[in-house]
Each structure stands twice: as structure tokens, then as C-alpha cells.
Amino acid sequence: MVQLTENENKKGTQKRDYQVVIQKVSKSFSKGSRDVKVLEDINLHVKKGEFVSLLGPSGCGKSTLLKIIGGLLSSTSGKLSINGKEVNSPSKSIGFMFQKAVLLPWRTVEQNLILPIELSQGDISKASERIGELLELVGLKGYEKYYTKELSGGMQQRVSLARTLMTDPDILLLDEPFGALDEFTRETLNFSLMDIAEKSGKTVVLVTHNISEAVLMSDRVVVMGINPGQVLENIFIDIPKPRTDQIMATKEYADYVLHIRKLLGVGR
Ligand code: ADP
Ligand code: MG
């Protein structure tokens, strides 16, 4: 098993190769009269096109970190830059997707997909071609005129993923995007997501608390600890892509999973 620390991996990699640079980011929330530190000294560098998973127990600050990267929340201290620019507010180059699809039930699929273009006052005339392409990409061709309430949970998440892609962001921030779905649907959607990431070359930061999913999908798994939230280890998954579920039967895959289980204190 190849395990590199982030520093080792940086050998030969210039700083400008990183698209997302997080330096010593901490975050506290006030609880009553005291401050509770949720994230402490997070350092994370993500390369363009890299697929990174943030993995850790519930409450370790994964969503908080993702919101900071997305400019939806400011850090208490530390620095964040994206494409070489310091960030304090949501940027067009970022697409966010949450566990629960926030779709408008009184709008059809295509009307939901058009929403980000309307909100950013973009050019709606070119949208219908893009809608067609994206629905094909997420496996929902022909569903343009359906109301979202007529779709299953998995289909709604596909719409949500397509909507996230509508503005063609460089970076996808996905917070347990398929976490509320049954296992079969989740696995199918994970493979769709891997295909989309590989074809488009987009950078992905995925929050998950599923160890095997993180190892299967990622170039790197960032294992986080809790109280306060911190990076325990960066684990580079040195398994060729595109990956199929065949790799789950290999020793290297099992070694990665076992290593992470130990780090997180799972099992016995
Ligand atoms: P995770 O996504 O890893 O489950 P979160 O980032 O949601 O963790 O939360 C980390 C910690 O920060 C939790 O203890 C949570 O209660 C706290 N927290 C998150 N958001 C807020 C907030 N807006 N105000 C106060 N505390 C918060
Ligand atoms: Mg969360």
C-alpha cells in the first residue's frame, strides 16, 4: 500500500498546481457564553481534477469545512484561496450539492435546472441544449417535463447533480449527496459521479462517512478526527482509474479500508 503524507506528495508539485489551498483554517462557534472550536488548524491542498473525500465521524466538522471552502461560511482564522485568489464569498467556479435535494416541487425538471442561470442572470436562450446534455449525462434523458415530485429520491438527486453542473463550475463540493438514498441507488449514483468527474476533469471534494465508498471513489481520502475537527491523515489511493467494483475484491483495497478503520477506531 502506498501511503504518502501531503508533504511527501508535494515533492515536485508546485504550489500553483493546487486549485484549493487551505492554510491553518480554524472555526469556532459560540455556544451560550463560550466558544467551541469545531475545526483546528486544517491544512489541505487540492489539485485541479483531484477527487478528494473528507471522511470522519459525525460532528467532526466536515460540512463546516465544505461550507468554508464554498464561501458560505467564514473561518475564524486561517486562509483559503481558490485558483490563486483569496476567497470570502461564494464563487461562480464552485457548485454545491447537499444530502437533500433542494428542488422546487412546483417546477418541472427543466425549470429547476434553469434556476441557477436565472439567479445569476445568465443567458437562458442557450440553456435548453445544456439541459438536454446534462440530463443525458445523469441518466434522465426524456424527463424534462416531469415535476420533481413525480420522481424517486434517486432521480431527484440526479436532477440536483445536473443542476449543480448547470453553471459549469470547476469545483464540485458535495456534502453526502447520496447519503439519504438506499444502498443500491447510492452505489449506482456513485459510479455516475465517478464517470462525470473523470470525463469532465472537475475537481471534487466529497463529504462522506462511508469508508469503502471513500476508498473506491477517491484519489485521496482525508481522514478527520473530532473534538476539535482535525486532519488525522491524508491517504492517497494508488489504484488505477477508471475503477470498477472489482477492485473491492483486491487486497490493496482491503488494506486501505482496514487502515482507515484503525485510524478511526472502528471495529476490534
Ligand atoms: P459533520 O458534517 O462532520 O457531521 P458539522 O460540520 O455539521 O459536522 O458540525 C461540526 C460541529 O459544529 C458539531 O458539533 C455541530 O454541532 C457544530 N456546528 C455546526 N454548525 C453550527 C452552527 N451554525 N452553530 C453552532 N454550531 C454548529
Ligand atoms: Mg455534515
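The model is predicted, so local features need pLDDT of at least 70 and side-chain atom pairs count only at pLDDT 80 or more, while totals for chains, interfaces and linings use all residues. Residues are numbered from 1 along each chain as its sequence is written, chains are lettered from A and ligands numbered from 1 in the order in which they are written, and side-chain values use heavy atoms, with hydrogens and water left out.

Trainee: Which residues are around ligand 1?

Mentor: A residue is taken as near a molecule or strand if one of its heavy atoms lies within 4 Å of it. By that criterion the residues around ligand 1 are Phe29, Lys31, Val38, Pro57, Ser58, Gly59, Cys60, Gly61, Lys62, Ser63 and Thr64.

Trainee: How do the residues of that shell around ligand 1 divide into nonpolar, polar and charged?

Mentor: In this classification Ala, Val, Leu, Ile, Met, Phe, Trp, Tyr, Cys and Pro count as nonpolar, Asp, Glu, Lys and Arg as charged, and the others, Gly among them, as polar. Applied to the shell around ligand 1, the division is four nonpolar, five polar and two charged.

Trainee: Which element gives the most to the shell around ligand 1?

Mentor: Helices (H or I, at least four residues) and strands (E, at least two) are DSSP runs, numbered from the N terminus. Two or more residues of the shell come from strand 1 (18–31) and from helix 2 (62–69). With three residues, the element that gives the most is helix 2.

Trainee: How far from an oxygen atom of ligand 1 does a polar side-chain atom of Thr64 lie?

Mentor: A polar contact is a pair of N or O atoms within 3.5 Å; within protein, one must be able to donate a hydrogen and the other to accept it, and residues adjacent in sequence count only if both atoms are side-chain atoms. On the backbone side, a polar atom of Gly59 is 2.7 Å from an oxygen atom of ligand 1, and a backbone N or O atom of Cys60 lies 3.2 Å from an oxygen atom of the ligand. For the polar side-chain atom of Thr64, the distance to an oxygen atom of ligand 1 is 2.5 Å.

Trainee: How much of the area that ligand 1 exposes when taken alone does the protein bury?

Mentor: Accessible areas come from the Shrake-Rupley method with a 1.4 Å probe, and for residues only the protein chains shown count as cover. Ligand 1 taken alone exposes 560 Å², and the part of this that the protein buries is 61%.

Trainee: Which element supplies the largest share of the lining of the largest pocket?

Mentor: On a 1 Å grid over the protein atoms alone, a pocket is an open set of points where a 1.4 Å probe fits, with protein on both sides within 12 Å along at least five of seven lines, and lining residues have an atom within 4 Å of a point. The largest pocket is lined by 21 residues, with Ile94, Gly95, Phe96, Pro116 and Thr167 nearest its centre. At least two lining residues each come from strand 6 (94–97), helix 3 (109–119) and helix 5 (153–165). The largest share, four residues, comes from strand 6.

Trainee: How much space lies in the largest pocket?

Mentor: Its lining divides into 11 nonpolar, seven polar and three charged residues. A volume is the space filled by probe spheres set on the grid points, which are joined across faces, edges and corners. For the largest pocket this space is about 620 Å³.

Trainee: Where is Pro228, which a cis peptide bond joins to Asn227?

Mentor: The omega of that cis bond is about -5 degrees. Asn227 has a positive phi of about 55 degrees although it is not a glycine, and its relative accessibility of 69% makes it exposed. Pro228 lies in the loop between strand 9 (220–225) and strand 10 (230–236).

Trainee: What is the phi of Asp41, which is not a glycine?

Mentor: Asp41 lies in strand 2 (residues 34–47) and counts as partly exposed, at 39% relative accessibility. Its phi is positive, at about 45 degrees.

How values were computed. Buried means under 20% relative accessible area, exposed over 50%, partly exposed in between (1.4 Å probe, protein chains only).
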